Amino acid sequence: MILDSKIPAGPLAEKWTKHKFNSKLVNPANKRKYDVIVVGTGLAGASAAASLAELGYNVKAFTFHDSPRRAHSIAAQGGINAAKNYQNDGDSIFRLFYDTIKGGDYRAREANVYRLAEVSVKIIDQCVAQGVPFAREYGGLLANRSFGGAQVSRTFYARGQTGQQLLLGAYSALSRQVANGKVKLYPRTEMMDVVMIDGHARGIVTRNLITGAVETHAAHAVLLCTGGYGNVFFLSTNAMGCNVTAAWRAHKRGAYFANPCFTQIHPTCIPVSGDHQSKLTLMSESLRNDGRVWVPATKETAEKLRKGQIKANDIKEEDRDYFLERKYPSFGNLVPRDVASRNAKYVCDEGRGVNETGEAVFLDFRDAIKRDSRKVIEQKYGNLFDMYKQITGEDPYEVPMMIYPAVHYTMGGLWVDYNLMTTIPGLYALGEANFSDHGANRLGASALMQGLADGYFVIPYTIGDYLAQTPPVKVDVNHPEFSKVAMEVKDRISHLLNIDGKKTVDHFHKRLGKIMWNECGMARTEEGLKKAKAEIKALKKEFWSDVKVLGANEELNLSLEKAHRVADFIELGELMIDDALNRNESCGGHFREEYQTPEGEALRDDENYAYVAAWKYVGENQEEELYKEPLVFENVKLTQRSYK
Amino acid sequence: MKLTLKIWRQKNASDKGGFATYPVDHVSKDMSFLEMLDVLNENLTEKGEDPVHFDHDCREGICGTCSLYINGKPHGPLQTTTCQLHMRSFNDGETITIEPWRAKAFPVLKDLVVDRSAFDRIIQAGGYVSVNTGGVPDANEIPIPKTVADLAMDAAQCIGCGACVAACKNASAMLFTSAKISQLALLPQGQVERKTRAEKMVAQMDAEGFGACTNTGACEAECPKGISITNIARMNREYFSAVVSSENM
């Protein structure tokens, strides 16, 4: 199969407009004859479900949460980018497009990214109309701030809770359609598999998380808006429930998985404090505007510090190494996320890390407080400092914060064409669940933009083109395929419940996470990846023979829910390793130690790897097949990123 | 630390339920409260006993999924969500009592998990501005004074966890409902549907079986996001001025 990205012909700036015109339309009276399933109710899912229902389609929306408002989009802090140029500082659609392509280290599709930048301006209009309380200037107009690497102020925000406010906006639009009867909501319901009829996605099989009932749902199209897979690492900034199961089930039914090894490691997270740790908490990137990152200059000092013989504030200026300022004098502490993360790892690997574990670096506000006063710092970061104190018990006004990188976002995901359709006709992937817009590294404040762009402004157009070519005949849920897939799901459930092994699901998840973090995390080597692959294969075998899942299917059963998810994470982990092994270059968040410049920076290989790696599942325990979608750059020049 | 946990166990919605006592050992002060329960659950699972079910997700204090009535207070001793509560707030040797939210409109599903879908239905009754996707004015064509936007944001911060209901002796959902009504009543975008919104949301709140407000202020005192009861006063004004001039009821 040749991957057809369906990128429209013509100049970059006209592609989307032309494409919308060339897409077939569904007659308004016919829309009510089409059913659409939306899985996931985060930014992408809620905005898609609401917008499609407004158009007249019948929507069924599914979430494993108790309410659509809980999706992890809610936790995004910083903001949402849009090329409004309200600040008169030189922003434009092309500049947002350019920054995103470059930030992604030239591993994203030009056409998709341009469209994202183009519709970004409409997202802000939509959210304001819904009553999202964005930050305002005294004159009553919208405020902006600068963010992650951009040289213009294009980020709209609602205090430190932008994701929350945008999600509640989309949730309110969704709730309105539930009240109108155009969306039927299925909370506490998890998608277990996709059902295909004649090669098209025609429904899903779900499990009711309260009663355990395995149910089937038919539709003319299925949208997966199920987020990212960062929890494959066990510890990440993702919510506890984030998982890959929906996407992975679709993958096993024929949807190719693209660039799985592209994961984003965020430099400013609160470090791990012990084995009991269940998740990592992100501290906003904005802290690097004023905090200085350092570790002790020598191993000996670091050791004394770890043993508690000295305190951070006792260490003299000349015994400190402000390593980002030293290595990157022009960008200093404000280098992009991937560079900051990697360098923190280097100094910790040298034995100069702090905290009892040696896996942390300092983020010090002493000089900023001296320069600007405590009051100014309090105004800027007060809530973050409070949060830090609540979690660690230390006061960052008095002692330096400790931070360490953590998995935050996954740029990889289901392969989709320009219409957001996967390689399964009728099956779409939106938001973090697809791979399309961020290349090998996502810029700050761009995840919210993409989720809402896909849901509000892309899918309402592109799905029409597909549905217009699908007969408006009710999909019959009594088709034998539905009962066949439902039976497979039930078999898997009873298989998991009957293993009756000795080790808990979390035990396996933690071991998987360690393998992935050590060998497929911030730095990767061929040797380490090969070792990890063997370990994961063994772990999979062990899981299926020794996992202990208690209770029954016919009840609320958290260990059964988790067992499904971890089983899929194990398989995904192996694919991520294959992908990282295949990509013999370093780009963005993917750093292969063999491929670096003499200064230790990522070394891309545009000649051989300027492509999307899309993987096809071919069968249980078989090596997946690689398909390449070449990336063509007609509007930007590929350059080596430098932040010196 | 060594602790004794008295936890409400209830097999399902129709089970009567009751307390069970579990000793836990090796609790570190840096653990979050939910991580302490994770450790308990790992131990229970290893012994072949059903783990304690509780709702949780983001563990950053923003999704509103976690609940728990700890030692007689929703979300425990601090004014924060349970996921942001750490064991350093407790003493070695202490007995901690953990119950689900108790309210008629929040039936227990299992152990500490309750059904809060009543909140969704209150929002569905009118907690939105009726605009479709597309065809809206440019964002800066709706200027909003900063002070108004800030007040709206104060109300909009509600995470829908239900602590206000759990804290209230009448199990009233006034704080939750008033937060949304306030946000939209303050903003120009919410004006068109202002009256019907107040009427419909209040009616739904009553239909769900939530109690009335008797101004004890327990909701505000326990709200992890500091939502103010001035929102309830605003909602009452909105509601009364809506019903006296009602066009649709």
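Two residues are in contact here if their C-beta atoms, placed from the backbone, lie within 7 Å. Please keep in mind that the close-ups below come from a predicted model.

**View 1. Chain A meets chain B.** In this view, 64 residues of chain A are in contact with 67 residues of chain B. On the side of chain A that touches chain B, at least two residues each come from helix 3 (43-55), helix 5, helix 6 (162-179), helix 12 (374-392), helix 13 (447-467) and helix 17 (558-582). Helix 6 of chain A gives the largest share, with nine residues. By residue type, this side of chain A holds 25 nonpolar, 26 polar and 13 charged residues.

**View 2. Helix 4 of chain A crosses helix 5 of chain A.** Here you can follow helix 4 (residues 93-103) and helix 5 (residues 110-130) of chain A, whose axes come within 8 Å and cross at roughly 135 degrees. Because of that angle, helix 4 of chain A is oblique to helix 5 of chain A. Their crossing is right-handed. Helix 4 of chain A brings Ile93(A), Leu96(A), Phe97(A), Thr100(A) and Ile101(A) to the contact, while helix 5 of chain A brings Glu110(A), Val113(A), Tyr114(A), Leu116(A), Ala117(A), Glu118(A) and Ser120(A). Among the residues of this contact, eight are nonpolar, two polar and two charged.

**View 3. Arg337(A), a position annotated in UniProt.** An unreviewed UniProt entry places the feature "active site" at Arg337(A). To find this residue, look in helix 10 (residues 337-352) of chain A. Arg337(A) has 26 C-beta neighbours inside 10 Å, so it counts as buried, the cut-off being 20 or more. Setting aside neighbours within four places in sequence, Arg337(A) is in contact with Gln264(A), His266(A) and Pro267(A).

**View 4. Asn355(A), a residue with a positive phi.** Most residues other than glycine have a negative phi. Asn355(A) is not a glycine, yet its phi is positive, at about 70 degrees. You will find Asn355(A) in the loop between helix 10 and strand 14 (361-364) of chain A. Asn355(A) counts as partly exposed because it has 19 C-beta neighbours inside 10 Å.

**View 5. Ser373(A), a residue other than glycine with a positive phi.** The phi of Ser373(A) is near 85 degrees. Ser373(A) sits in the loop between helix 11 (366-372) and helix 12 of chain A. Is Ser373(A) buried or exposed? Ser373(A) is exposed, because 11 other C-beta atoms lie within 10 Å and the cut-off for exposed is 12 or fewer.

How values were computed: Residues are numbered from 1 along each chain as its sequence is written. Chains are lettered from A and ligands numbered from 1 in the order in which they are written. This is a predicted model: local features need pLDDT of at least 70, side-chain atom pairs count only at pLDDT 80 or more; totals for chains, interfaces and linings use all residues. Axes are lines fitted to C-alpha atoms, for helices over the stretch in contact, and angles run from 0 to 180 degrees between N-to-C directions. Helices (H or I, at least four residues) and strands (E, at least two) are DSSP runs, numbered from the N terminus. Angles under 35 degrees count as roughly parallel, over 145 as roughly antiparallel, 65 to 115 as roughly perpendicular and the rest as oblique. A crossing is left-handed if the near helix is turned anticlockwise from the far one by less than a right angle, and right-handed if clockwise. Ala, Val, Leu, Ile, Met, Phe, Trp, Tyr, Cys and Pro count as nonpolar, Asp, Glu, Lys and Arg as charged, and the others, Gly among them, as polar. UniProt positions are given in the numbering used here, feature names are shortened, and annotations may be inferred rather than shown by experiment.
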